[in-house]
Amino acid sequence: MNEWIDCSLSEIIELIGGGTPKTTVDEFWNGDIPWLSVVDFNNSDRWVKKTEKKITDIGLNNSSTKLLNEGDLIISARGTVGELAQLNKPMAFNQSCYGIRAKQECTHNDYLYYLIKHSLNQFKRKTHGAVFDTITRETFNYIDICLPQSLEEQSSISYILSSLDSKIDLLRRQNQTLENIAQTLFKRWFVDFEFPDNSGKPYKSSGGKMVESELGEIPEGWKVDILENVANISIGRTPPRKENEWFSTNSSDVKWISIKDLGNSGIYIDSTAEYLTEDAVQRFNIPIIPKNTVILSFKLTVGRVAITTERMLSNEAIAHININSSRTSAEHMFLLLKLFNYQSLGSTSSIATAINSKTIKQMKILMPTENIIQGFSKVIGSVFTKVKLNALGIQTLTKTRNTLLPKLMSGQIRVKNL
């Protein structure tokens with residue numbers, strides 16, 4: 001290709017290994033240095049901004065972990081292979097990942113992010129391991145790439161893709177703010193019981209009548225119920241994994257939701273990593289999730305919640321809660337389940353193994369009167385409408401970026417220097 005060069009990925013990067021300070025030494029931990037593991041960037045976000053754990057300077061200096069710079073890349077190399085992100089601040093990282101830094105004479109980190117993202121299928125084909133898939137240092141020697149010699153052309157390409165990612169990130173942050181507003185309103189109405197009374201005043205603090213219930217004091221006319229009395233509940237299903245013909249990445253097939261997909265979604269879920277064929281749906285009697293159904297993860301990772309935007313499917317770790325009562329709504333149920341204390345359902349130390357589908361159906365929930373739900377829906381409706389519009393925008397921008405990515409990174413579409 002004119003003015004483009006072919007090489008291996010290893011020729012244009014500096015590869016950096018990570019490590020873990022001894023967990024038995026208290027002075028190595030709970031410091032100010034963010035310390036990355038795969039769980040911190042196992043999502044669809046470009047930028048990793050925070051970590052679950054932090055280490056001290058002493059921990060950094062007395063272990064094999066290294067400090068990456070702002071803008072460097074991180075890729076998961078063991079087990080969950082090929083998760084990729086870019087750092088928005090200096091961070092250390094563990095040995096299940098590699099830090100990647102561009103050789104400045106060849107490329108820069110922003111372009112490198114999209115180049116590796118475009119090459120992830122190569123990584124997944126060339127990983128190996130006796131038990132887990134593994135990326136080794138040698139793997140990078142076998143990742144074949146093609147890139148413009150001109151750093152200016154690289155910058156132009158990354159600018160176009162970064163602009164789309166920035167818009168996606170902005171919409172996601174807007175939706176997180178809107179969700180926080182919705183949760184605050186829910187808490188005021190359904191936890192603090194300060195919904196407007198007939199005079200427009202806060203109910204409880206204005207002397208609204210409260211009565212005793214098994215969940216404590218509740219407003220008069222409200223009742224404690226179980227989930228299966230207000231919703232039709234079904235559980236997802238997985239076809240035999242060894243029979244690959246049932247699974248697909250073709251968007252014309254039916255979206256099949258996993259717990260990871262729920263973790264990557266906001267209030268509304270509209271995209272999945274995998275699909276099932278219509279034949280699989282019929283052959284294995286996979287329960288259909290209707291549009292506007294609240295879904296809840298109850299195995300492994302408990303308490304992830306979303307609302308479907310179309311006909312979808314899920315695996316067996318996810319419950320489908322299709323509202324059939326006028327005393328709740330999809331929006332009210334989403335917020336209720338989002339804030340629910342799932343620890344209260346478990347009788348063992350491991351909540352992930354304590355909860356099953358029967359437990360979900362028998363969950364005790366507080367149901368308000370019908371007029372309160374109607375009032376809440378009027379107040380909250382515009383918030384959820386805006387979230388849904390933003391989610392649609394994210395979906396459109398993501399599709400545009402994913403369409404452009406292979407064409408820009410292969411030179412099929414050329415761009416002028418910006």
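What follows is a tour from the whole chain down to single residues.

**Before you click**

This is a predicted model, in which local features need pLDDT of at least 70 and side-chain atom pairs count only at pLDDT 80 or more, while totals for chains, interfaces and linings use all residues. Residues are numbered from 1 along each chain as its sequence is written, and side-chain values use heavy atoms, with hydrogens and water left out.

**Stop 1: the whole protein**

Start with everything shown as a cartoon. You are looking at 10 helices and 24 strands; helices (H or I, at least four residues) and strands (E, at least two) are DSSP runs, numbered from the N terminus. The C-alpha trace spans about 75 × 55 × 45 Å along its principal axes.

The accessible surface is about 20700 Å², and carbon and sulfur atoms hold 47% of it (Shrake-Rupley method, 1.4 Å probe). Of the 418 residues, 49% are buried; buried means under 20% relative accessible area, exposed over 50%, and partly exposed in between, with a 1.4 Å probe and protein chains only.

**Stop 2: the largest nonpolar core**

Select Leu-227, Ile-321, Leu-337 and Phe-384. These residues have the most contacts inside the largest nonpolar core, which has 45 residues. A nonpolar core is a set of buried Ala, Val, Leu, Ile, Met, Phe, Trp, Tyr and Cys residues joined through side-chain atoms within 4.5 Å. Elements that each supply at least two residues of this core include α4 (151–190), β23 (318–323), α7 (330–338) and α10 (370–410). Helix α10 gives the most, with 7 residues. In soluble globular proteins, nonpolar side chains tend to be buried together.

Which residues does Phe-384 touch, not counting residues up to four places away in sequence? Show Ala-182, Ile-267, Tyr-268, Ile-307, Glu-331, Phe-334 and Leu-335 to see them.

**Stop 3**

Next, select residues 109–118, helix α2. Here 7 of the 10 residues are buried, so α2 too is largely enclosed by the rest of the structure. The buried residues are Asn-109, Tyr-111, Leu-112, Tyr-113, Tyr-114, Leu-115 and Ile-116.

**Stop 4: Asn-390 in α10**

Return to α10 and pick Asn-390, which lies in this helix. Asn-390 counts as buried because its relative accessibility is 4%. Not counting residues up to four places away in sequence, Asn-390 touches Leu-171, Gln-174, Asn-175 and Leu-178.

**Stop 5: the cysteines**

How many disulfides does a search of the whole structure find? The search finds 0, a disulfide being a pair of cysteine sulfur atoms within 2.5 Å. Select Cys-7 to check: the closest cysteine sulfur, in Cys-106, is 7.3 Å from its own, too far for a bond. Then move to Cys-146, which is in no disulfide and whose nearest cysteine sulfur, that of Cys-7, is 8.2 Å away. Cys-7 is buried, at 12% relative accessibility.

**Stop 6: Lys-49**

Go to the loop between β4 (47–48) and β5 (53–55), where you will find Lys-49. Is Lys-49 buried or partly exposed? At 37% relative accessibility, Lys-49 is partly exposed. Display Asn-88, Lys-89, Met-91, Asp-169 and Arg-173, which Lys-49 touches, leaving aside residues up to four places away in sequence. Gln-86 is 37 residues from Lys-49 along the chain, yet their C-alpha atoms are separated by 8.8 Å.

**Stop 7: two positive phi angles**

Most residues other than glycine have a negative phi. Select Phe-193, in the loop between α4 and β12 (210–211): it is not a glycine, but has a positive phi of about 60°. Phe-193 is buried, at 7% relative accessibility.

Finish at Asn-292, in the loop between α6 (278–283) and β20. Its phi is also positive, near 65°, and at 34% relative accessibility Asn-292 counts as partly exposed.

Key: Contact means heavy atoms within 4.5 Å.
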